[in-house]
Amino acid sequence: MLNRTLVALTELFPESVPALAPAGEGALEPPPRETGVLVTDFAKHGHHLDVLCRPDQVVAVARIMDGEGYFLEAISGVDWLDQQQFEVIYDYNRLGGEHCRVMVRALVDRNQPVVPSVSGVFAAADWHERETFDFYGVHFQDHPNLIRILLPEDADFHPLRKDFRP
Amino acid sequence: MGEENVPSSIVQFAQLDKLLNLGRANSLWPMTFGLACCAIEMMCTGGSRFDISRFGAEVFRPSPRQADVMIVAGTINKKMELAIKTLYDQMPEPKWVIAMGNCAISGGPFKVACNYNVVEGADKLFPVDVYIPGCPPRPEALLEGIMTLEEKITGKRRWPRVHPV
């Protein structure tokens, strides 16, 4: 299963080869990743595969995962203030059969965070993307109803940004 | 204006009030208002081990129109603020409010400098009669809160206060 998913995903990234994640907790910063698929140690990271993709590849990745029988667990965000980027993280999981968890990351520019919505592929993405929009301000294109979900509708701030002060 | 001489009324209502208060205190019907974790403790209190039914309060009414006491169990977010205020206004008199748990008392663990979404206490919205501290308070603490409310209504306490030895 892992290998099947690996092969299917690697098709999307023809230029890179799936590498093994660096095993040690070195003091050095690991080199910045190229887009591609990484095989990770499940016991250490909690997921079997780690995929870094461009924002416009997110829907294609979601279609591959759907075809391989995964379901979407969660969509969340990370604010990298120094690099001026938002990272949108998609967690895919697969039960019944071989267990496999895949984490997909997409980095977007912080000043213009626009990502295509995967709610056309996974209906569960609807509310998760609303939450990511609510707390980070990441705009999802072609989302059926991108309004705030947890904060009051008229709130004008995005609280989980690193530069937010209430 | 001058002084008015108000004659004492022929029908004295004090004993009737006392009887009514006794009735109200011993059958406080709470409104199901579990918002967060304290709701689990409230549900436990309604179960058989801690049994809120001994106090006449097992009838949790879903509608505010039929409830006497609103047990605010849980964190009040700004999005929920309007709904809570509306429900409180819809309860008919006489009504009481029990603030259960630290979040309902003062915002609890969320009362920090960078709080952006939590209303810091139910008493910012309406008057509260009994405060039950705890995060979450044990079911016994909720029962003690109900007994304190009964004491507030009738003036007498159902069971004597137990002091630790």
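pLDDT is the predictor's confidence in each residue, from 0 to 100. The exercises below concern a predicted model.

**Exercise 1. Determine how confident the prediction of chain A is, and where caution is required.**

Step 1. The average pLDDT of chain A is 82, and 79% of the residues score at least 70.

Step 2. Residues 14–29 of chain A have a pLDDT below 50. In the model this stretch has 18 contacts beyond near neighbours in sequence.

Step 3. Where pLDDT is low, the predicted coordinates should not be read in detail.

**Exercise 2. Describe how strand β6 of chain A is enclosed and paired.**

Step 1. Strand β6 covers residues 100–109 of chain A; 7 of its 10 residues are buried, so the strand is largely enclosed by the rest of the structure.

Step 2. With strand β3 (residues 49–53) of chain A, β6(A) pairs in the parallel sense over 5 bridges. Here M103(A) is the bridge partner of D50(A).

Step 3. With β5(A), strand β6(A) runs antiparallel, and 10 bridges join the two. M103(A) is also the bridge partner of D91(A).

Step 4. The hairpin of β5(A) and β6(A) has 5 residues between the strands, and G96(A) takes a positive phi near 75° there.

**Exercise 3. Classify the ring pairs F86(A)–Y136(A) and Y92(A)–F122(A), and locate their members.**

Step 1. A pair of aromatic rings is described by the distance of the centres and the angle of the planes. A search of the whole structure finds 7 aromatic pairs over all chains.

Step 2. For F86(A) and Y136(A), the ring centres are 6.0 Å apart and the planes are at 75°. Planes over 60 degrees apart count as edge-to-face, and therefore this pair is edge-to-face.

Step 3. The pair links distant parts of the chain, 50 residues apart: F86(A) belongs to strand β5 (residues 85–94) of chain A and Y136(A) to helix α4 (residues 125–136) of chain A. Both F86(A) and Y136(A) are buried.

Step 4. The rings of Y92(A) and F122(A) have centres 5.5 Å apart and planes at 45°, so this pair is tilted.

Step 5. Y92(A) is in strand β5 of chain A, while F122(A) is in the loop between β7 (114–116) and α4 of chain A, 30 residues apart.

Step 6. Buried means under 20% relative accessible area. Y92(A), at 1%, is therefore buried, and F122(A), at 8% relative accessibility, counts as buried too.

**Exercise 4. Examine the aromatic residues Y116(B) and Y88(B) of chain B.**

Step 1. Y116(B) is joined by ring pairs to a cluster with F157(A) and F164(A).

Step 2. Y116(B) is located in the loop between α4 (102–106) and β4 (130–132) of chain B.

Step 3. The relative accessibility of Y116(B) is 24%, so Y116(B) counts as partly exposed.

Step 4. At Y88(B), the charged end of K95(B) sits over the ring, 4.1 Å from its centre.

Terms used: Residues numbered from 1 in each chain as written. Chains lettered and ligands numbered in written order. Predicted model: local features only at pLDDT ≥ 70, side-chain atom pairs only at ≥ 80, totals over all residues. Heavy atoms only, no water. Contact = heavy atoms within 4.5 Å. Phe/Tyr/Trp six-rings, centres within 6.5 Å; stacked < 30°, edge-to-face > 60°. Helix = DSSP H or I, 4+ residues; strand = E, 2+ residues; numbered from the N terminus. Buried < 20%, exposed > 50% of the residue type's maximum accessible area, 1.4 Å probe, protein only. Lys NZ or Arg CZ within 6 Å of the ring centre and 35° of its normal. Pairing = 2+ DSSP bridges.
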